[in-house]
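Here is a short tour of a protein model, written to be read with the structure open beside you.

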Amino acid sequence: MTELLRFANVSAGYGPFRALFDVSFDIQPGEAVALLGANGVGKTTIARVATGLLAPSSGTVTFGGTDLTGAAAHRFARAGVAHAPEGRSVFATLSVEENLRLSFRRSKGRAGVDAAVGQAFELFPALGQRHRQIAGTLSGGQQRMLAMARVIVEEPRLLVADELSLGLAPIIVDEVYRNLDRLRQHGCALLIVEQHVGHAVALCDRAVVLDRGRTTWIGPADQASERLVRNLFQTESPMENSPTE
Ligand SMILES: Nc1ncnc2c1ncn2[C@@H]1O[C@H](COP(=O)(O)OP(=O)(O)OP(=O)(O)O)[C@@H](O)[C@H]1O
Ligand SMILES: [Mg+2]
């Protein structure tokens, strides 16, 4: 089987700073992979490289058999990679519906917008009820749902989710995970970066564990037990300069 996403000896960094060292892993079509590791080990950097936001300094990134090393983010998006970044990713001054229309116009074309908006409101009735509300005034959980609705309706082949549940109430986190599971059932592969290790491990098939920019363990998610992860965390001294988006 051809893997969907493949990192082969990927190194990447920011200016002179090297954040990733020869990272290799793959994601099969429809597979869910959890990316685990302490603060500052390079999880977000992998998410950026996997979505075309950051070009690797060496190594190759292929998606669906096509070499996308160094390609721009829009090429990754067109190939079917969606990115749900850390924090909030909605246009704060636009209404809920305007947010959806804007992104569906890009992804579905003018003719597909109405149907896509209908589908989003069907998936998230709470958004439908608030369709005229300005997105910036939604709760954190509602904003995340808006970002999520956009992604689900666009039917990506791979969703890269970076701390999707950060700062959300537990009940909303459960909702987010139900939707991730729904995405999976539709055949979407997932790369999940998550502080809720338990949630991520329960959802995912495999886990990739990172330590200071290197992969230290790749295996079945159910073996990436809390204990393993805790032990790895204990060998870590968290970086002081937590990145800002
Ligand atoms: N824009 C940037 N400029 C310079 N250094 C950066 C930048 N973004 C991240 N880094 C550094 O790269 C390293 C990896 O950061 P990254 O954000 O990938 O870690 P992470 O595993 O996502 O951490 P966290 O769990 O805190 O989100 C860190 O040392 C970080 O300080
Ligand atoms: Mg991060």
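## The model at a glance

Please keep in mind that this is a predicted model: local features need pLDDT of at least 70, side-chain atom pairs count only at pLDDT 80 or more, and totals for chains, interfaces and linings use all residues. Residues are numbered from 1 along each chain as its sequence is written, while chains are lettered from A and ligands numbered from 1 in the order in which they are written.

The protein has nine helices and 10 strands. Helices (H or I, at least four residues) and strands (E, at least two) are DSSP runs, numbered from the N terminus. Of the 245 residues, 39% count as buried. Here, buried is a label for a residue with 20 or more other C-beta atoms within 10 Å of its own, exposed is for 12 or fewer, and partly exposed lies in between, with C-beta atoms placed from the backbone. Among contacts with a separation of 6 or more, 65% are between residues 24 or more positions apart; a contact is a pair of residues whose C-beta atoms, placed from the backbone, lie within 7 Å.

## The six-stranded sheet

Follow the strands in the order β6-β7-β8-β3-β9-β10 and you trace an open sheet of six strands with mixed pairing. Two strands pair if DSSP finds at least two bridges between them. At the edges are β6 (81-84) and β10 (214-220), each of which pairs on one side only. On average, neighbouring strands in this sheet are turned by 15° against each other, direction ignored. Axes are lines fitted to C-alpha atoms, for helices over the stretch in contact, and angles run from 0 to 180 degrees between N-to-C directions.

To look at one pair, find β9 (residues 206-211), which pairs with β10 in the antiparallel sense over six bridges. L210 stands opposite T215 in β10.

## The four-stranded sheet

Another open sheet has four strands in the order β2-β1-β4-β5, with antiparallel pairing. β2 and β5 (66-67) are at the edges with a single partner strand each, so one side of each has no neighbour in the sheet.

Strand β1 (residues 5-14) runs antiparallel to β2, and seven bridges join the two. Together they form a hairpin with two residues between the strands, and G15 in the turn has a positive phi of about 60°. G13 stands opposite R18 in β2. Also in β2 (residues 17-27) is D22, whose phi near 50° is a positive value in a residue other than glycine. D22 is partly exposed, with 14 other C-beta atoms within 10 Å.

## Helix α7, with a covered face

Helix α7 (residues 170-185) has 16 residues and should span 22 Å at 1.5 Å a residue, which agrees with the 23 Å between its end C-alpha atoms. The expected span is 1.5 Å times one less than the number of residues. V176, L180 and L183 are buried in this helix. Seen down the axis, the buried residues of α7 fall within an arc of 55°, so they line one face of the helix; the arc is that of the directions from the helix axis to the C-beta atoms. P170, I171, R178 and Q185 are exposed on the other side.

What covers the buried residues of α7? The cover includes α6 (140-153), β7 (158-162), β8 (189-193) and α8 (197-203). α7 lies across β3 (32-36), β7 and β8, and runs at about 150° to β8. Just after α7, G187 takes a positive phi of about 95°.

Helix α1 (residues 43-50) is mostly covered, with eight of its eight residues buried. Among them are K43, T44 and R48. Just after α1, G52 takes a positive phi of about 85°.

In the loop between β3 and α1 you will find G37, which is buried, with 25 other C-beta atoms within 10 Å. Leaving aside neighbours within four places in sequence, G37 is in contact with K43, V209, L210 and D211. G37 and E194 are 157 residues apart in sequence and 9.2 Å apart in space, C-alpha to C-alpha.

## One more backbone detail

E155 lies in the loop between α6 and β7. Its phi is near 45°, a positive value in a residue other than glycine. With 17 C-beta neighbours inside 10 Å, E155 counts as partly exposed.

Key. Two residues are in contact if their C-beta atoms, placed from the backbone, lie within 7 Å.
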